[in-house]
Amino acid sequence: MARPPKKAVERRQSSLAKVVKPTERKGSKGRKTAERKTAARKSVVEKTAVRKKDQKPEVAAAVPSASHASGHSSGHGESKRELVVLTGLSGSGKASALKAFEDLGYFAVDNLPVELLPHFAALVAQSTEITRAALVVDVREGQRLERFPAMLKELRRQLDTTVVYLEASEPVLLRRFSETRRPHPLGREERVGPAIQAERKLLDPVRNVADILIDTSRFNVHELRAYVQNQFKRESDGKGLLVSTLSFGYKNGVPLEADLVFDVRFLPNPHFVPEFRKLTGRHPKVVGYVGHFPQTKEFLDKVTDLLLFLLPHYINEGKSYLTVAFGCTGGQHRSVMIAEEMKKRLARENYQVKAHHRDMPR
């Protein structure tokens, strides 16, 4: 095959070079345009990343807010949510202990099915009214009780949970069942002794996860109640006794709810002073009139000393409220003044006191 002439080849290469050079120039311009677009996209991505980074503290701040709403906030304004699970042997005093928790302000539930425990804990965690709850779980659950140790882990994720296990020696339990004449929950047909032994075996896994073990063999009802209250009362609960100072008039009878009654009719009667007749024992003029007599101060001092001696003993016996009544003829002047003054004196000693006036004109 004949080769093309040399000049023809040179002309073809020169022509090809002319075609290629504009294309190369156009490609260079396209690359610059693409680079500018890439840089622009990179800038947008970086700005978006910065914005997202700035938003992270807001998301983190929202987490405590959600926790606060669910009742698990540790802030100073929130009450600590507590759940006490009472369990143990039949006849060991769980019912008495539950009443003691109820007196302390706990929301009390007896014999709640095990399956409802997580739901109950969730309700307490979300409640605006219930901050402390106590419930009983025992052998009455039957085979479902086997699930309790596993459920306890879930409960503790929702609330500050304490398991209190009550027990007693077999002779004491036998005596208590004999005194109450009630059958053992494990069956009416079986004798109490074997039933107690079977119950111990069934409750052993629950006993192993208990936080507090209480042997009630040496406790009577009042001592168990006092023990529970001393263990679980809060500092804000004061001295654990609500005292009511009640004024009344003897002409209308002595109040049936009174625990202690003091007759103050020995004090001069403001009723016979015309300017005081329509006033009550709360009015400053009546307070000044009754209070200026030396026997009034002496009476108040002696009764205060007596009550400050008695109240701690009432508390030790498990008494949760006490009504101290003061009576005069009509229940309008003297008894009202004395009840109000006694309220102030006991409140200064850190007792919870309320004054009530049964017969005082409104």
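Reader: Is tyrosine 106 buried or exposed?

Author: The model is a predicted one, and the reading rests on relative accessibility, with buried meaning under 20%. Tyrosine 106 counts as buried because its relative accessibility is 3%.

Reader: Which residue forms an aromatic pair with tyrosine 106, and how is the pair described?

Author: A pair of aromatic rings is described by the distance of the centres and the angle of the planes. By the pairing rule, the count comes to ten aromatic pairs. In one of them, tyrosine 106 is paired with phenylalanine 101, at 5.0 Å centre to centre and with 80° between the planes. This pair is edge-to-face, since an angle over 60 degrees places it in that class. Phenylalanine 101 is likewise to be read as buried, because its relative accessibility is 0%.

Reader: What kind of aromatic pair do phenylalanine 219 and tyrosine 227 form?

Author: That pair is tilted, with 5.5 Å from centre to centre and 40° between the planes. As for accessibility, phenylalanine 219 has a relative accessible area of 26%, so this residue is partly exposed. Tyrosine 227 is partly exposed because its relative accessible area is 28%.

Reader: Which residues do ring pairs link into a cluster?

Author: The cluster consists of Phe262, Phe266, Phe299 and Phe326, linked by ring pairs.

Reader: Let us turn to strands. Why is strand E3 described as largely enclosed by the rest of the structure?

Author: In a regular strand the side chains alternate between the two faces of the sheet. Strand E3 spans residues 132-136, and five of its five residues are buried, so the strand is largely enclosed by the rest of the structure. The burial concerns both faces: Arg132, Ala134 and Val136 are buried on one side, and Ala133 and Leu135 on the other.

Reader: Which strands pair with E3, and over how many bridges?

Author: Strand E1, residues 82-88, runs parallel to E3 and is joined to it by five bridges. Within that pairing, leucine 86 stands opposite valine 136. Strand E2, residues 107-109, also pairs with E3 in the parallel sense, over three bridges, and here valine 109 stands opposite leucine 135. From E2 the chain passes through helix H3, residues 117-126, to reach E3, and this β-α-β crossover is right-handed.

Reader: How many residues of strand E8 are buried, and which strands pair with E8?

Author: Strand E8, residues 321-328, is mostly covered, with seven of its eight residues buried. Strand E6, residues 242-249, runs parallel to E8 and is joined to it by eight bridges; leucine 242 has tyrosine 321 as its bridge partner in E8. Strand E7, residues 260-263, pairs with E8 in the parallel sense over four bridges, and the bridge partner of valine 261 in E8 is alanine 325.

Reader: Finally, where does threonine 216 lie, and which residues does threonine 216 touch?

Author: Threonine 216 is found in the loop between strand E5, 212-215, and helix H7, 221-232. Its relative accessibility is 1%, so threonine 216 counts as buried. Leaving aside residues up to four places away in sequence, threonine 216 touches Ser92, Leu166, Glu167, Ala168, Arg176 and Leu224.

Technical notes: Residues are numbered from 1 along each chain as its sequence is written. This is a predicted model: local features need pLDDT of at least 70, side-chain atom pairs count only at pLDDT 80 or more; totals for chains, interfaces and linings use all residues. Side-chain values use heavy atoms; hydrogens and water are left out. Buried means under 20% relative accessible area, exposed over 50%, partly exposed in between (1.4 Å probe, protein chains only). Helices (H or I, at least four residues) and strands (E, at least two) are DSSP runs, numbered from the N terminus. Two strands pair if DSSP finds at least two bridges between them. A crossover is right-handed if, with the strands pointing away from the viewer, the path from the first strand over the helix to the second runs clockwise. Contact means heavy atoms within 4.5 Å. Rings of Phe, Tyr and Trp (its six-membered ring) pair if their centres lie within 6.5 Å; planes under 30 degrees apart count as stacked, over 60 as edge-to-face and the rest as tilted.
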